[in-house]
Each structure stands twice: as structure tokens, then as C-alpha cells.
Amino acid sequence: MSQRSYGQFCPVAMAAEVLCTRWTIVLVREMVAGSTRFNDLRRGVPRMSPALLVQRLRDLEDAGVVRRVAGRDSGVLEYHLTPAGRELETMIEAMGLWGQRWVTTELSLQHLDASLLMWDMRRNMNLEPMPRRRSVIQFLYAERPASERSWWLIVEPNAGPHASRAGAPVDLCSVDPGFDVDLYVAADLRTMTAIWMGLDTVRAALDGQRLLLTGDADLASDMQSWLGLSPFAKTRKMAS
């Protein structure tokens, strides 16, 4: 800590020494969103190297923000926020609201990431309007490299409303899972990211021919509802 210390007793400076290293706040955001296992954390920070992720988790553990525990069901190692870590939730929310309100749309949409977008969509889906059967939705981003072009959201039957937030019935695949597809969603990644962030809508994208839905008519008509959207999507932009 001494090498990166601000050398100030101010609590703001002391907190910044713990939280303002590269990737740390984004990693805490992922944990606040509910990820606890290493592989899930990696999917939430796909551009972070595994080695750096291990180091940041150790730093947060040393700072009393995170603790390691064995998972109840499988015994797989999990990372949980401590009471000190949970206090950061309000700060993460405030930063997200500020970013949604004051960072310009053009700047936000310069940073497109299909993996992160699909992971966020997976855990924020609103399952209330979904049918009580397995539904498979394939997203197609034709302009992306082959490894980022096709994604499948698999919603299992009998899922309750918002159950995906607890990690239960929605799975994300980047390799064809072999199920029949109920709805094909074709768009460019910028359009789908803008819809997710509340900067665009499904209807406007359809009308502008930036989005094409093929398949189950009910799933298509309810897409704006089941998509869920970013937790910050309802925050009005203030930046020009």
C-alpha cells in the first residue's frame, strides 16, 4: 500500500487507496450485482486478465471488503462481500447514476462489449412475461467477429419473476446449445447496447430497421418488457 499511498490521513484518500486501483470498482460492481464465483466474476469483467482478477480479489480480502467461503451446494470457492463491502453498494449505485446522467451517449457507446452486454442481459431479465416453458432466444450481431457474433439466452420453465437475479433459470451460451430457437434477434451491437441502456427502444429500433425479430410472436411483442434493461436505464441523460 505504501507504494501507491496518497500520504494523506483524509478518509477519502484512504478509501481511494483501496478502491481506486484499476478494475477494482468495476469488480466490486460485479459483486454488488450478485456474482460470487470466479468464473462468473470473469464474465462480468471480460477484459480483465485472470491473474489481475486474482490479485484484486486478494487486495479486497486484505482490506476487509471481501471474504472467501465454500459454496453451500458444491463447495466451490466463492467470494462474498463483507459488511464493509456491502456498504459500497450505495456508492456503486451513485456512480452508475452519475455516469448514466452526465457521460454523453456517444462516449458511452464507444465502448461496446458483446460478452458484457449479454451477461448483463442474462441476469437482469424480467421473467414475468416469459412463457412457462423453455424459451431459447438467439441474438445475432452480424458485424462482430465470429467469436462474438451469436449468443443464446435459455430460459427454463416454471421460473418465477426476476428469478434470474438469484442466478437460477437463465443460462447464457456463446456456443450453440442444440435447442430449437424460439426467437431470433438480429441487430448491430450498438443498437442493442443502446436499448439495454435505455437510450433507444425496441419499437424505435424496429421502426428504423435497426432490429429484426423473427419467430415467436408473443416473445417478440413482449421484448421490451422481458429484456429487463440496465438498472440505470430510467435515469434521464443530462449531458448533451
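I began with what covers the buried residues of H4 in this predicted model, and I found that the cover includes H2, helix H3 (38-44), strand S1 (66-70) and strand S2 (77-81). I then listed the buried residues themselves, which are Leu53, Arg56, Leu57, Asp59 and Leu60. Looking down the axis of H4, I noted that these buried residues fall within an arc of 160 degrees, so they line one face of the helix. On the face turned away from that buried side I found the exposed residues Ala51 and Asp62.

Next I checked the length of H4: at 1.5 Å a residue its 13 residues should span 18 Å, and the end C-alpha atoms are 18 Å apart, which agrees. Following H4 I came to Gly64, whose phi is positive, near 80 degrees.

I turned to the packing of helix H2 (residues 24-32) against H4, where the angle is about 80 degrees and the axes are 11 Å apart. Because of that angle, I recorded H2 as roughly perpendicular to H4. The residues that meet are Thr24, Leu27, Val28 and Met31 from H2, and Leu53, Arg56, Leu57 and Leu60 from H4. I sorted the residues of this contact into 6 nonpolar, 1 polar and 1 charged.

Last, I looked up Arg56, which lies in helix H4 (residues 50-62). Is Arg56 buried or exposed? Its relative accessibility is 12%, and because buried means under 20%, Arg56 counts as buried. Leaving out residues up to four places away in sequence, I found that Arg56 touches Thr21, Arg22, Thr24, Leu27 and Met48.

Note on methods: Residues numbered from 1 in each chain as written. Predicted model: local features only at pLDDT ≥ 70, side-chain atom pairs only at ≥ 80, totals over all residues. Heavy atoms only, no water. Helix = DSSP H or I, 4+ residues; strand = E, 2+ residues; numbered from the N terminus. Buried < 20%, exposed > 50% of the residue type's maximum accessible area, 1.4 Å probe, protein only. Contact = heavy atoms within 4.5 Å. Axes fitted to C-alpha atoms, helices over the stretch in contact; angles between N-to-C directions. Parallel < 35°, antiparallel > 145°, perpendicular 65-115°, else oblique. Nonpolar A, V, L, I, M, F, W, Y, C, P; charged D, E, K, R; others polar. Expected span 1.5 Å × (residues − 1). Arc of directions from axis to C-beta.
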